[in-house]
Amino acid sequence: MDVKLDPSRDDLPLMANTSHILVKHYVLDLHVDFESQVIEGTIVLFFEDGNQFKKGNSSTEETCQLESNEACKFRMPEPCHIPVTNARTFSSKMEYNDFAICSKGEKDTSDKDGNHDNLEQASGISSSKYCCDTGNHGSEDFLLVLDCCDLSVLKVEEVDIAAVPGIEKFTMSPKLTVASEELRNQIVHELVTLPADRWREQFDYYARCSQAPGCGELFFDTDAWSLQIRKTGAQTATDFPHAIRIWYKTKPEGQSVTWTSDQCGRPCVYTMGSPINNRALFPCQEPPVAMSTWQATVRAAASFVVLMSGENSAKPTQLQEGFASWHYYVTMPMPASTFTIAVGCWTEMRPDTCSSNDLATERPLPPSEADFRYIGICGHMEYPCRFQNDSATTQEIIPHRVFAPMCLKSACQETLLRLIPPCLSAAHSVLGTHPFSRLDVLIVPANFPSLGMARPSKEKTGLVSDSGASVIKHGLNPEKTFMQVHYLKGYFLLRFLATRLGDETYFSFLRKFVHTFHGQLILSQDFLQMLLENIPEEKRLELSVENIFQDWLESSGIPKPLQRERQAGVECGLARQVSAEVTKWVRVNQRPRKRKRRQKKEVFEKLLPDQLVLLLERLLEQKTLNPRTLQSLQRTYHLHDQDAEVRHRWCELIVKHRYTTAYSSVERFLQEDQAMGVYLYGELMVSEDARQQQLAHRCFELAKGQMDRSSAKVVAEMLF
């Protein structure tokens with residue numbers, strides 16, 4: 001896959017001007033329509049500015065992301081016609097049972113003349129350089145820039161939060177008479193800075209404010225990578241409205257979610273770790289520094305289940321006409337890229353029987369124990385932190401739910417359900433307090449791009465402008481998803497450190513590191529610096545952040561410590577066992593077809609899955625393996641029933657040695673394990689074997705409609 005990189009295609013821009021203004025909270029009100037494959041509704045954003053810009057500052061740094069002579073042409077606000085969304089037909093009232101909200105707003109559901117339709121067309125502004133033309137308005141206005149891609153933005157308006165009953169408690173005035181911009185922004189500031197022990201009240205008022213009427217439409221425009229919003233006369237971030245509502249809908253081709261079918265053939269949609277993260281799902285601030293909370297109400301047909309990365313175990317609220325709504329929220333500020341949603345005909349999987357011990361260990365914290373102490377030594381921004389609650393810190397197994405298509409019920413009950421509690425317990429024993437109060441596990445379809453979950457980090461961006469905009473180098477390269485070198489090096493670096501320091505020292509440090517940095521953005525340097533500071537001098541053995549970076553991160557190829565380890569022939573007991581089994585298989589492969597009577601039959605040891613992967617990798621190094629040996633391999637280890645990692649290596653052996661009898665295993669893998677199957681397509685085509693190439697083309701034709709875009713693009717380049 002030696003393809004020249006095109007910076008205009010492969011670099012991913014982060015356009016949000018996070019240095020000027022930050023989103024502190026999102027309120028989403030969405031409807032999922034499977035017929036049109038569109039998610040539509042509103043999002044209300046609550047901001048806080050840095051107060052570092054003063055009115056009258058005419059620097060173009062406030063209004064431009066990058067220098068350019070090109071001008072933005074902003075859409076003029078039109079008469080206040082709220083675009084029609086199907087959701088309004090189903091529910092005119094938003095339920096927030098978690099926060100005991102009393103007032104429920106009702107939005108206009110009338111079908112207007114559609115005069116916002118023209119707003120769905122992109123403006124054609126260059127995504128790499130633009131500037132706001134303020135000549136027609138007499139002065140330069142502050143430009144809010146949000147990361148946005150493949151969204152139809154219908155309307156942007158300021159929210160009149162001063163109209164919310166009881167909101168005067170957040171102002172210095174006992175009674176609100178004239179609601180000025182300054183007063184509304186003061187209310188938002190007081191709301192977003194409430195102490196953590198008032199988070200329920202805070203989220204209550206976020207919800208109330210999100211239903212408040214608009215008080216003026218705002219100029220906006222979109223280009224390929226951003227949504228730009230301004231208000232005439234608002235010359236700084238301080239002057240800009242701190243609560244705005246955006247009416248929008250996604251596009252079927254948007255790359256933040258995948259519309260597909262589950263293992264039972266039922267429709268579903270989910271976020272899947274796209275290179276563009278969530279910017280094709282909702283307008284947001286993409287850089288990780290933009291840490292925010294959120295709450296979301298999502299409506300769908302009553303036959304569907306809505307799962308989100310929220311802190312609460314949401315239950316459906318039945319609406320009229322066969323629809324239901326689900327409400328989730330998050331109180332821990334996190335980057336917008338961590339927001340996830342999955343909607344499908346999932347079934348909650350429960351064990352047939354449940355022991356009393358399970359009931360005791362998986363129970364939620366009772367209300368008396370769920371009140372957190374909000375003073376402590378945590379280094380993150382303030383939020384209701386589990387690390388400050390004695391009961392939460394000792395909770396080994398947090399409440400969890402498992403969802404899957406009904407056709408996978410038996411597999412979940414037999415295998416998955418019993419594994420989750422010990423895994424949670426093991427995580428607690430190694431890393432300490434679970435950062436979240438609960439967990440939902442979803443069995444996703446085969447086309448989920450499991451190798452593409454890496455998110456942008458601060459280290460991977462290019463030059464950051466004064467506004468906070470930057471570029472992720474090669475962030476859009478479709479092949480980057482399948483490059484595993486960084487993962488492998490990371491694994492071996494951690495393994496190297498654990499071996500060098502000893503398990504007791506290393507795992508003790510991991511627990512301390514998680515406790516120190518939970519809820520914060522961290523870099524590799526932070527991890528390594530703290531590690532070296534917390535181990536005895538005699539165990540550092542000349543380790544330093546600089547030489548670790550040089551050996552493991554900045555140098556290509558196998559790191560020097562690993563080379564020395566390989567040269568020394570160091571093997572653990574499990575690896576030595578595999579080596580012995582490889583020797584046996586080599587002997588079997590070298591024997592003549594007709595065995596002598598006195599020749600001893602090889603007895604093979606039972607191997608763990610990781611050992612099987614190593615065994616097959618070692619056998620891949622053999623120049624030839626005859627069909628008899630391959631058949632014996634398959635029977636001995638039941639390779640057809642092993643996990644995907646093992647079956648992938650088995651398929652590589654099949655392809656390398658043209659073992660036609662097992663080609664059905666390759667076909668199955670390419671259909672059921674699509675993300676990992678990308679490598680196999682390459683091996684089938686490189687072989688220059690006509691039958692194998694036909695196999696590749698046939699499987700791609702069957703799977704391409706369900707494959708994620710990056711995988712399909714890479715495979716198409718291999719085949720055609």
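In which crossing does α15 pass α17, left-handed or right-handed?

Good morning. The structure above is a predicted model. Its protein chain contains 21 helices and 23 strands. The chain has 720 residues, and 50% of them count as buried. If we take the contacts with a separation of 6 or more, residues 24 or more positions apart account for 76% of them.

Let me begin with the sheet. Strands of a sheet pair through backbone hydrogen bonds, either parallel or antiparallel. Here we have an open sheet of 8 strands with mixed pairing. Its order is β9-β8-β12-β3-β2-β15-β18-β17. At the edges are β9, residues 214–217, and β17, residues 317–318, and each of these pairs on one side only. A helix also packs on this sheet: α3, residues 181–192, touches β2, β3, β8, β9 and β12. The direction of α3 makes about 95 degrees with that of β3.

On one side, β2 is joined to β3 by 12 bridges, and the two run antiparallel. To find one of these bridges, please locate Val32, whose partner in β3 is Ile39. With β15, by contrast, β2 pairs in the parallel sense, over 7 bridges. An example is Tyr26, which has Trp294 of β15 as its bridge partner.

The pairing of β3 with β12 is antiparallel and runs over 7 bridges. Among the residues involved, Val44 has Arg245 of β12 as its bridge partner. Strand β12 is mostly covered, with 7 of its 8 residues buried. Strand β8 pairs with β12 in the antiparallel sense, again over 7 bridges. Glu158, for instance, is partnered by Ile244 in β12. Finally, 2 bridges join β8, residues 151–159, to β9, and these strands run antiparallel.

Which residue of β9 is the bridge partner of Glu157? The partner is Glu217. Glu157 itself is found in strand β8. Why does Glu157 count as buried? The reason is that its relative accessible area is 5%, while the cut-off for buried is under 20%. The side chain of Glu157 makes a polar contact of 2.5 Å with the side chain of Arg245. A further polar contact, of 3.5 Å, links the side chains of Glu157 and Trp247. Beyond its neighbours within four places in sequence, Glu157 is in contact with residues including Gly214, Gly216, Leu218 and Ile244.

The second residue I wish to show is Gln285. It lies in the loop between β14, residues 267–271, and β15, residues 292–301. Gln285 counts as buried because its relative accessibility is 0%. What does the side chain of Gln285 reach at 2.8 Å? One such atom is the backbone oxygen of Ile21, and another is the backbone nitrogen of Val23. Leaving aside neighbours within four places in sequence, the residues in contact with Gln285 include Ala16, Thr18, Leu22, Tyr26, Leu146, Asp147, Ala290 and Ala336.

I come now to the helices of my opening question. Two packed helices are described by the angle between their axes and the distance between the axes. Helix α15, residues 609–620, packs with helix α17, residues 644–656, at an angle of about 15 degrees. Their axes are 9 Å apart. Angles under 35 degrees count as roughly parallel, and α15 and α17 are therefore roughly parallel to each other. The answer to the opening question is that α15 passes α17 in a left-handed crossing. On the α15 side, the contact is made by Pro609, Leu612, Val613, Leu616, Glu617, Leu619 and Leu620. On the α17 side, it is made by Glu645, Val646, Arg649, Trp650, Glu652, Leu653 and Lys656.

Thank you for your attention.

Technical notes
Residues are numbered from 1 along each chain as its sequence is written. This is a predicted model: local features need pLDDT of at least 70, side-chain atom pairs count only at pLDDT 80 or more; totals for chains, interfaces and linings use all residues. Side-chain values use heavy atoms; hydrogens and water are left out. Two strands pair if DSSP finds at least two bridges between them. Helices (H or I, at least four residues) and strands (E, at least two) are DSSP runs, numbered from the N terminus. Contact means heavy atoms within 4.5 Å. Axes are lines fitted to C-alpha atoms, for helices over the stretch in contact, and angles run from 0 to 180 degrees between N-to-C directions. Buried means under 20% relative accessible area, exposed over 50%, partly exposed in between (1.4 Å probe, protein chains only). A polar contact is a pair of N or O atoms within 3.5 Å; within protein, one must be able to donate a hydrogen and the other to accept it, and residues adjacent in sequence count only if both atoms are side-chain atoms. Angles under 35 degrees count as roughly parallel, over 145 as roughly antiparallel, 65 to 115 as roughly perpendicular and the rest as oblique. A crossing is left-handed if the near helix is turned anticlockwise from the far one by less than a right angle, and right-handed if clockwise.
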